[in-house]
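Subject: Structure handover

Hello,

Here is the structure I promised to pass on. Please have a look at it first, then read my notes below.

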Amino acid sequence: MAGHMSARPLRARFARLGPNLVLLLALVFRSAPLISTARQSLQTVPMPLLNWNTLFDKWTFAGVQRVFDEENFWPTLRTSLELAGATVVITLALLVPTALYVHLRLPRARALVEFLTVLPYVVPPVALAAGVAALNR
Amino acid sequence: MGGVVLAFLFITLLGRQGLGTKLVRDGLGFDLYGTSWFDISSFWGWVTVYMYFQIPLMVLVTLPAIDGLKPEWREASSNLGGSTWTYWRRVGLPVLAPSMLGGFLLLFANAFSTYATVHALNTQSNVVPVKISFGLRNDVGGRITAPYALATMMIVVISVAMGGYLLLRRRVERWQGT
């Protein structure tokens with residue numbers, strides 16, 4: 001019984017260890033690729049010379065600034081923004097009434113609508129392309 | 001985030017000249033590419049990259065179900081003399097099972113049909129979507145049938161997975177109030 005009593009605070013102290021380790025691992029996994037990509041754009045040390053000694057050398061915004069001087073940068077950014085904006089507006093205009101209608105009038109169709117919404121993510125774009133190519137042949 | 005950008009993120013981290021690869025080799029003396037199984041442009045590399053978009057998707061699919069576990073159920077289980085183990089085996093996991101199985105099917109279909117990411121990692125990848133695209137590009141006269149056959153088979157596999165997902169969603173709705 002005494003052994004049980006003394007083991008308890010120890011167990012409580014390590015109770016969060018497992019979850020915290022998982023969180024830490026997830027954090028590293030999620031952020032490491034982003035950090036390495038940022039390094040790629042902000043540091044001018046060539047890849048073959050990269051190690052712990054050179055890690056803090058030659059950090060510069062020059063590479064990023066050069067992007068803005070690129071001839072086609074602004075038109076490209078503009079097109080991307082317009083594309084994003086247009087799709088958001090059209091999607092909202094279509095989706096809000098549909099979601100409301102389904103929620104209020106056709107609650108039984110909700111699973112089906114949800115299925116239809118995830119369909120484009122999982123029907124392989126390549127298979128769709130094959131279908132279009134088949135129509136054209 | 002997905003596709004080509006994601007592939008590039010991981011090439012800068014775990015490619016042959018990647019930051020992670022180099023720092024681990026330099027700091028810990030462990031050469032990731034000295035092992036025979038890891039390469040960002042082969043199987044376990046693809047697995048690592050796929051995990052990056054699969055994990056958040058699984059969280060999105062299962063989190064509502066986990067939120068839906070009512071504290072009262074746990075209290076009821078305790079009041080009837082159930083241990084933590086009993087609660088999870090008799091109440092928690094049965095309620096979560098449809099969501100989790102549905103998540104597995106959705107993730108399976110998602111990974112199975114991924115094209116841009118794996119193509120950017122290795123244009124010679126031996127996976128179905130890349131083979132279809134390769135076949136289509138070589139199909140100049142419309143005489144090759146293999147890519148169309150592959151695409152049809154793929155749609156059958158995806159349909160089975162998504163049919164299962166739809167059925168499981170129906171079961172999930174039962175436990176999420178409304």
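Chain A averages a pLDDT of 82, and 89% of its residues score at least 70. Here pLDDT is the predictor's confidence in each residue, from 0 to 100. Within chain A, confidence is lowest in helix α1 (residues 2–14), with a mean of 61. It is highest in helix α4 (residues 73–105) of chain A, at 93. Where pLDDT is low, the predicted coordinates should not be read in detail.

Some ground rules. This is a predicted model, in which local features need pLDDT of at least 70 and side-chain atom pairs count only at pLDDT 80 or more, while totals for chains, interfaces and linings use all residues. Residues are numbered from 1 along each chain as its sequence is written, and chains are lettered from A and ligands numbered from 1 in the order in which they are written.

Chain A on its own

Chain A has 6 helices and 0 strands. Helices (H or I, at least four residues) and strands (E, at least two) are DSSP runs, numbered from the N terminus. Buried residues make up 6% of the 137 residues in chain A. A residue is buried if 20 or more other C-beta atoms lie within 10 Å of its own, exposed if 12 or fewer, and partly exposed in between; C-beta atoms are placed from the backbone. A:Val22, in helix α2 of chain A, counts as exposed because it has 10 C-beta neighbours inside 10 Å. A:Val22 and A:Phe61 are 39 residues apart in sequence and 34 Å apart in space, C-alpha to C-alpha.

Where the chains meet

The contact takes 29 residues from chain A and 34 residues from chain B. Two residues are in contact if their C-beta atoms, placed from the backbone, lie within 7 Å. On the chain A side, α2 (17–42), α5 (110–122) and α6 (125–136) each supply at least two residues. That side divides into 22 nonpolar, 4 polar and 3 charged residues. Ala, Val, Leu, Ile, Met, Phe, Trp, Tyr, Cys and Pro count as nonpolar, Asp, Glu, Lys and Arg as charged, and the others, Gly among them, as polar.

One helix pair spans the two chains. α2(A) and α1(B) pack at an angle of about 80 degrees, with their axes 8 Å apart. That makes α2(A) roughly perpendicular to α1(B), a term for angles of 65 to 115 degrees. Axes are lines fitted to C-alpha atoms, for helices over the stretch in contact, and angles run from 0 to 180 degrees between N-to-C directions. The residues of this contact divide into 7 nonpolar, 4 polar and no charged.

The core

The largest nonpolar core has 37 residues, of which A:Ala130, B:Phe10, B:Ile132 and B:Ala151 touch the most other members. Such a core is a set of buried Ala, Val, Leu, Ile, Met, Phe, Trp, Tyr and Cys residues joined through C-beta atoms within 7 Å. α8(B) gives the most to this core, with 10 residues. Leaving aside neighbours within four places in sequence, A:Ala130 is in contact with B:Ile132, B:Leu136, B:Pro147, B:Tyr148 and B:Ala151.

A residue in chain B

B:Ala65 is in helix α3 of chain B. With 19 C-beta neighbours inside 10 Å, B:Ala65 counts as partly exposed. The C-alpha atoms of B:Ala65 and B:Val95 are separated by 8.0 Å, 30 residues apart along the chain.

Best wishes

Note on methods: Parallel < 35°, antiparallel > 145°, perpendicular 65-115°, else oblique.
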